[in-house]
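Subject: Structure for you to look at

Hi there,

Here is the structure I promised to pass on. My notes on it follow below, and I hope they are handy when you open the file.

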Amino acid sequence: MADSQMIIVRCSAEQKIQTRKNHWSNWGAPLGFTEQGWVDRFAQMEQHAWAERDRYVTWALVRKDDPTSTDMLAHCEIFKRKSIAANPGSSQVKEVFSYGIASVFTPPPNRGKGYARILLRMLHYVIAPPTLLPPFPSHWGTAPDIGGFRDAAFSVLYSGVGDKYYATCRRGDGESSQAGWVRHKVTLRTWKVSTIEGEETGQEGWEWLGADSLGSLEEAIEQEMIQGLGKDASDRYRFAILPSWSLFKVHALRSEISPASKKYPGRPYGLVLPATNGNDESQRPFATWTFPEGEAAEPTLEVTCARHAVPFEAIQTAARKAGCRKISMWGSTGDWDKYGPELDENEPVPCYVVYGRKAEECDWNWAQQ
């Protein structure tokens with residue numbers, strides 16, 4: 001099929017439900033979901049702040065002569081995120097928008113034809129300003145004209161197929177084209193949880209957080225990230241995704257509504273410790289985390305954020321409290337490395353593209369969140 005015979009569309013309600021049915025057997029069933037449970041999972045995710053005002057949208061590549069068909073060639077989701085960036089040589093931090101790309105899927109009958117790559121190449125022209133992109137290739141037909149988007153400073157995704165494929169989802173075509181999403185190197189650290197429980201004392205003032213309480217951390221962290229990004233005038237473009245619009249909670253909710261969570265009712269998803277060394281309340285150490293969705297997965301406390309020198313012993317206590325045997329985290333924090341983590345630089349594979357800039361000139365800060 002010629003490229004000009006395909007277009008990218010925002011999924012209708014019927015198409016959106018079909019996308020979830022399409023990938024249930026690959027992604028939902030192994031986690032213990034029924035097909036309807038998998039569909040309902042996404043419907044629940046849409047009821048929260050991160051999905052409001054077109055912040056969570058499903059897109060599909062379809063035949064131009066049948067744009068409402070549920071026989072989609074490929075499909076994906078995007079999440080709009082409040083973000084920040086600083087230009088080279090400047091300490092001034094500006095607020096921008098970014099998009100996370102997720103659930104890229106090609107139905108089995110349509111595989112091997114490059115449809116997912118075409119979808120993602122067209123997606124650049126949906127989310128990014130035209131002025132920051134190479135010309136839309138004429139042999140693709142007409143550029144997408146979909147209102148409400150085209151405001152991305154950058155976009156990110158977390159690849160499950162290695163570090164090469166998404167870079168080939170290029171912007172434009174021919175000599176003027178530019179790479180798609182390129183890998184951001186980050187190390188996955190994994191620690192074994194000590195099975196020797198010490199005297200679980202010294203927990204005075206500890207505050208355990210449920211999923212609904214995680215939003216209380218957002219504002220303070222936003223201000224810290226803004227200050228951190230602007231503390232020096234680097235010669236590189238720096239960017240980061242803020243935890244606004246319940247970004248901390250989305251990880252916890254995804255875990256909470258999984259079948260595996262039924263084994264561990266009431267697990268906390270965060271811990272705030274008392275302020276140390278005379279620091280004020282805004283400097284209290286804290287950590288947030290989530291858990292794997294799969295019923296068969298080894299119970300693991302997956303740290304999503306840690307601030308203000310959280311003692312590793314506190315994370316060990318949190319893991320034991322949640323019934324976990326392992327602790328994992330992308331990147332590093334404080335002195336946790338002295339506790340001997342296993343290091344994996346091959347998984348996961350976060351990738352990014354900054355519109356209007358070369359990847360090698362940019363730094364993605366706090367990519368593990």
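Ser261 counts as buried because its relative accessibility is 10%, where buried means under 20% relative accessible area, exposed over 50% and partly exposed in between (1.4 Å probe, protein chains only). Ser261 sits in the loop between H5 and S10; helices (H or I, at least four residues) and strands (E, at least two) are DSSP runs, numbered from the N terminus. Setting aside neighbours within four places in sequence, Ser261 is in contact with Ser255, Glu256 and Arg267, contact being heavy atoms within 4.5 Å.

A word on conventions: this is a predicted model, in which local features need pLDDT of at least 70 and side-chain atom pairs count only at pLDDT 80 or more, while totals for chains, interfaces and linings use all residues. Residues are numbered from 1 along each chain as its sequence is written, and side-chain values use heavy atoms, with hydrogens and water left out.

Helix H5 (residues 247-256) is mostly covered, with 7 of its 10 residues buried. Those buried residues are Leu247, Phe248, Lys249, Val250, Ala252, Leu253 and Ser255. Their cover includes helix H2 (35-45), strand S3 (74-86), helix H4 (218-229), strand S9 (237-241), strand S11 (286-290) and strand S12 (300-307).

Ser246, in the loop between S9 and H5, has a phi of about 65°, and Ser246 is buried, with a relative accessible area of 17%. His308, in the loop between S12 and H6, also has a positive phi of about 65°; at 24% relative accessibility, His308 counts as partly exposed.

Now for the cores. A nonpolar core here is a set of buried Ala, Val, Leu, Ile, Met, Phe, Trp, Tyr and Cys residues joined through side-chain atoms within 4.5 Å. The largest one has 38 residues, of which Leu301, Val303, Val310, Ile315, Ile327 and Trp336 touch the most other members. Elements giving two or more residues to this core are S3, H4, H5, strand S10 (270-272), S11, S12, helix H6 (312-321) and strand S13 (326-330). H6 gives the most, with 5 residues. Leaving aside neighbours within four places in sequence, Ile315 is in contact with Ala287, Leu301, Val303, Val310, Ile327 and Trp336. Apart from this core lies another, of 36 residues, among them Met6, Cys76, Tyr115 and Ile127.

Gln92 is in the loop between S3 and strand S4 (94-105), and touches Ala85 and Ala86, not counting residues up to four places away in sequence. From Gln92 to Gly162 is 70 residues in sequence and 35 Å in space, C-alpha to C-alpha.

Finally, the whole chain. The protein chain has 6 helices and 16 strands, and buried residues make up 51% of its 369 residues. Its C-alpha trace spans about 70 × 50 × 35 Å along the principal axes. Among contacts between residues at least 6 apart in sequence, 72% join residues at least 24 apart.

Happy to talk any of this through.

Best wishes
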